[in-house]
Amino acid sequence: MNYMSEDLKRDLQAAAQREQRLRIKIALIKAISEFKKSLAGNTISIHSQQYATVALRVGVARRVLGSSLNITTELVSIDKDTVVMKATVGIGGRFLSTGY
């Protein structure tokens, strides 16, 4: 028999979703902190600006977030001068961001 009311089930589901969002936020804060620590001597200069390579960024994210990190890439366009890629990022099965 199921003795749990529908209201209690909804409340438990909402609490579980809040907990998952909080875990993701904590993981992102840790990833950002680790990324900032890893920048020293690991940037490249492009047009007089210092940038972290994609390899460094993904490496830190993967080290901190492990297999919960999901990055999907897609070729958007290509011609003789330019390649445009689209990256979609998620953590723990939740969509976070898309970038080009």
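Leaving aside neighbours within four places in sequence, which residues is serine 38 in contact with? The legends below start there. This is a predicted model, in which local features need pLDDT of at least 70, side-chain atom pairs count only at pLDDT 80 or more, and totals for chains, interfaces and linings use all residues. Residues are numbered from 1 along each chain as its sequence is written, and side-chain values use heavy atoms, without hydrogens and water.

**View 1. Serine 38 in helix α1.** Beyond neighbours within four places in sequence, serine 38 is in contact with Leu56 and Val60. Contact means heavy atoms within 4.5 Å. Serine 38 is buried, at a relative accessible area of 14%. Buried means under 20%, exposed over 50%, and partly exposed in between (1.4 Å probe, protein chains only). Helices are DSSP runs (H or I, at least four residues), numbered from the N terminus.

**View 2. Lysine 9 and glutamate 6 meet in a salt bridge.** The N to O distance is 3.5 Å. A salt bridge puts a side-chain nitrogen of Lys or Arg within 4 Å of a carboxyl oxygen of Asp or Glu. The two residues are three apart in helix α1, so about one helical turn separates them. Lysine 9 is partly exposed, at 27%. Glutamate 6 is also partly exposed, at 49%. The structure holds five salt bridges.

**View 3. Arginine 23 pairs with glutamate 19 in a salt bridge.** Here N to O is 2.6 Å. Both lie in helix α1, four residues apart. Arginine 23 is exposed, at 56%. Glutamate 19 is partly exposed, at 42%.
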